[in-house]
Structure formats: structure tokens, C-alpha cells
Amino acid sequence: MRSCNWTCILALGAAVILGACATEPAHVIPATPAERLAGIRPVTQAMLQEPAAGDWMQLGRSYDGQNFSTLTTINRTNVKKLAPAWRAPLAPGLSMPSLLVHDGVMFLHTAPDTVLALDAVTGQEMWRNTYKPEGGSSMKMGLGLGGSHVFAPTSDLHVIAIDARTGVTAWDHKIAVSAPATNRSFFNLRSAPLVVGDKVIQGVTASAGPGGGFIVALDIATGKEVWRFHTLARPDAPGGNTWNDLPLEKRTGGSVWHQGTFDPELNLLYFGAAPTYDTAGLLKPSTAPGVTNDALYTNATIALDPDTGQLKWHYQHVPNDQWDLDWAFERTLATVRFEGSDRKVVMNVGKMGVLDALDAATGAYLFSIDAGTQNMITAIDPKTGRKTIDPQRYPDPTRPTVYCPSPSGARAWPPTSFSPATGMLYLPLTEWCAKMGNDGSSLLSAPGAKISEADHPDAVADGKMGLLQAMDVSGGKRAWRRDLDAPISTSALATAGGVVFIGDLDPALKAFDDRDGALLWTAPLDANPNSVLATYSVGPTQYVAVVTGMANYHIGAMAPRYQRFRASQGLPPIAPPKGEPSVQVFTLSK
């Protein structure tokens, strides 16, 4: 949003002048694709902080991670007129896709380690940058924009800078792993880079890497590493006594899956760290004085100084996670009403479908909202947010237990969306559970922690696995909900036009009224949607974009599970989608 709270749009023939405020220079969007690419403006800190209404500048659109669009051309009255605008084919492969749009040019990171620049009006390819990693291509979530470059993570632990106009690689930085780790194959770059000032900030996932995950800041001009923050506390550092006396080489996890967010006023970065899969050493607490098994900074919100990487504060949402129920996703910044006054908060929703809101400046706990799909937490302390976990849900080889949600999460990497217009956060959920016992897959190392499938009782009751849940954040409570036959497989996307978009495994792209969840529009798709949704404009025309048909962990677990659920309920199977991977874009029909 702009500080003067208004946007003027003046059409001049084929070009459009956008002026947000009298103090900002108007920008003429060229009429032809070649001119748009040649004239694309360098991305400034101000643009990232307050993006133009028609741009989608980063994973959550803006630094606050709200995943909310201020565009209103498409609204709850006319959304039923949406129709296909263009489609661009993609090579099949592993990807957790997200789209960026700036000055009428769309940037997309796709398989295999390929970055594309497309005309956002027609889908025409403008350039292609293909990186050849050592080894195979891995899943990655997106790109970063800053200055005149596009920043991309690679499958072999590099970050590259690509000229936004030409597609030529400007620099290539190989991220080193830290002792005690020596094997680079334990580590991956999943999240999109976050550009803040003169730094490109990249999270690293760790899997079974000794010493765990980390976050690096690279110099935007050269790619040289500036600072590094380890997401697992070192034995001789604050929080180091929370690892049950395990040596550093036995501490794993703390993966950074998701792009961070940034508050320019507070000068703070916010990231989340995942739990560990090596849970056996944390299951029973140590008897050593002053030692706990909380395992910092797993499942924590981490606030960092972007200039130095220094930890300013942290808040752990659930310690000692024995179920792979991450709190690793987007940290959403917003100003909400709390106890009679406006508070700047940082919110996030973990896999359990529970929202925690913290004071953005200090990390002090404020409140939680439970979506009602989990059976893990029996109580939440109203002052500290400390959660009481049902003791029956801990792994025990003598006592199998069903826990909800499954380790794939009631929600997973596709982001939520927060609308300042309604004060609601829109949460895409899947109702499914897991059985923990001596049979199944061995994702976690604790005894009795093998995992197999179990149905969610609510899904069994109504035959529906999907759920779009609205949360009244200022009210601290659930608002409306919309049960859906199929699981939601994309982000939620709310707009100032009063619409919330999602994609599900019908497969379809759908639009709902942001006030009450009424279904407004459905567009059948020929392949499963599995991306972050984006909406943008070029000139007076607003578009909605989705990527379909790509493979990733989330869709790989969800799609076959949904078919098995339908069979168990006596429902007919969904015909396997036959469409090829593509970007599909919609706009209002004329």
C-alpha cells in the first residue's frame, strides 16, 4: 500500500501511466513485450517495501508476507467473468512454484534449474537461463528481485544473480557448509531469496546434516557471504543447553524452508526453523542440571538483525517436536487490534493449523487461534503460549496412537493470505491424520515412531478433505469456514476486490467471497494446481496466475492420499489429470 493511500490510473492509448502519489514519478508501461523487457526498472528497496499495485514482487508480494493484493479490477461482483487469457508450457519436474511480476514481465523458477522471463500479457518467452547443477534438480520455491537482477537458488547449493533484461548470469556463489558437516548433499536451497538493502538472504534446509540448517546473507553486488546464522543452538552458545546434552554433530534439522519477511521500521528479519527428524535423542529428557530437550531454535520464530545476522529475539512455538509438525512457514506482519490497542504482530500458522501471534518488536506472546483440525494440543497458556501436548500422542512402541494432522500438515508450504480490508487470515487446510506405531514409514528415529495413514474424523463425517478457514485475527477467533471435497493444493490469495482464490485437487481454481466464503467462480483445470497464486496487472487489465502439473513433496503426498480416501468412503475416483505442466493465467472476458 502507498503512504498517501490512493492510486491514479490514466490510460493513454496502448500505454498506461501509473502514479501512486504526487511525490512519486509516474511510470509509463511500454506497449510491446520487447519494450517492456528493455525498459524494466531496477528494483529498489522502496519498491519492495511498497510495491506498485500491479506488481507481485516476492513470494508474499511484499515484505510483510501478507500475500494480499490491493487490485480491485477483479472483484466479487465480476469474478464470475474470469476466462483463460494465456497458457505457457513448462518442462515437468520438481518444483514448488511461485511467480514474480514486475513492470509487465513475469519471472518463474522451474525445473530443471531453469529461470524464465515471460511476457505477462501473452506468456511469450523472453529469455531462459538454464543452470546445470552437480547432480539432479531439486524442488525450489522461487526467486528474489533486487536492483537489475533476478536471484535464484540452485540444486547444488549455489545462489546465482541473473540480469533481469538479458537472462545472463552476473555472478555465481557457492555456499559452503559449516563444520561439523562435510557432505553437501545433506543440504538444499528450497526457499526464495529475500532481498533486503544490499543483501540477498537465503535459507538452507538441512535434512540429516550435522549441525543443522542456517541462513546466509550475500552481498548483492558480488555474491560474497556477509553473515551466517545457525538455526540450531551451538553447545557453547545461548540455547545450547536445550539439546539434551547431544554433541553438535548429533544435532540435526532446523531447516529453513520458507522465505523470510522483513519489517523496515523495526529493521528485523523473521524466519522459521523446522524440527529435526532424529527425534530419538530428544524423546526422554536428560537428568543433567540445567539441560532441557526443547531443541532450540527448532519450531521457533527467529528475529534477526539484517545487517549483522545477530539474533534479536526468538519464540519457540512447540519444543521437542516428535511428529514432524513444523512451524517453518511464512511469518506474516500486520497491525491488529489487541486488548483495545493496535499492535504490530508477527503471525504464523504451523502444520497443526494453530495461529500464534507475537509482538513483532519483542517476540512477546499475544494470542493463538486454533483452526480445530488437530488433536495434539489440549491447552495453551494464555500468558506464555506454552502448549500442553496430549501425552497419548508421544511415540511409544507399546502404544500406537493416531495424531492429527498427518506429518504432511493440515497446512504446508503454500502460504496463507491476510487481508487488511477484512482483518481475516485465510488458511488452506487438509483434514488428514497419521498413525504412529511400529508399522509404516520411518520418517522419525524415536522408537515407536513409524508412521502410516489414518483418516481424519471430520473428513470421514462429511466425505470432504479440504477446508478453507477464515480467522478473525483481531477478534482472536475462527470466522467462516468452507468445506471442500478436495484438498487445497495452492496458497490462498485474498484481494481488495473482496475475493479469495485457491486451487484444489478437483482439479480447479476457485474464488470465494472474503466476507462469508460463498463460492463465486470455478475454473476446471487439466492438471493439479500446486503453486503460490499471484495476481497482477499490466495497464488496466488484472490477471490471476497459477502453475499446474509440477511435482513436489506436497502434491506427491496429497494427490494419491485423496484418491485412497475417496475409495475408502465409497466415492468414485477422480480421473487422473492429463494436462502438461504449465502457467495458466486468467482475466475478465470482454
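Author: Strand β8 (residues 114–119) and strand β9 (residues 125–130) run antiparallel and are joined by five bridges. The model is predicted, so local features need pLDDT of at least 70 and side-chain atom pairs pLDDT 80 or more, while totals for chains, interfaces and linings use all residues. Residues are numbered from 1 along each chain as its sequence is written, and side-chain values use heavy atoms, without hydrogens and water.

Reader: What makes β8 and β9 a pair?

Author: Two strands pair if DSSP finds at least two bridges between them; β8 and β9 have five. Strands are DSSP runs of E, at least two residues long, numbered from the N terminus. A117 stands opposite W127 in β9. Five residues lie between the strands of this hairpin, where G123 takes a positive phi near 85°.

Reader: Why are β22 and β25 said to stand at the edges?

Author: The open sheet has the order β22-β23-β24-β25, with antiparallel pairing. β22 (332–338) and β25 (365–370) each have a single partner strand, so one side of each is left without a neighbour in the sheet.

Reader: What makes the set that includes M106 and F107 a nonpolar core?

Author: Such a core consists of buried Ala, Val, Leu, Ile, Met, Phe, Trp, Tyr and Cys residues joined through side-chain atoms within 4.5 Å; buried means under 20% relative accessible area (1.4 Å probe, protein chains only). The largest nonpolar core has 94 residues, of which M106, F107, F501, Y536 and V583 touch the most other members. A second, separate core of 20 residues includes F367, L425, L427 and V473.

Methods:
Buried means under 20% relative accessible area, exposed over 50%, partly exposed in between (1.4 Å probe, protein chains only). Helices (H or I, at least four residues) and strands (E, at least two) are DSSP runs, numbered from the N terminus.
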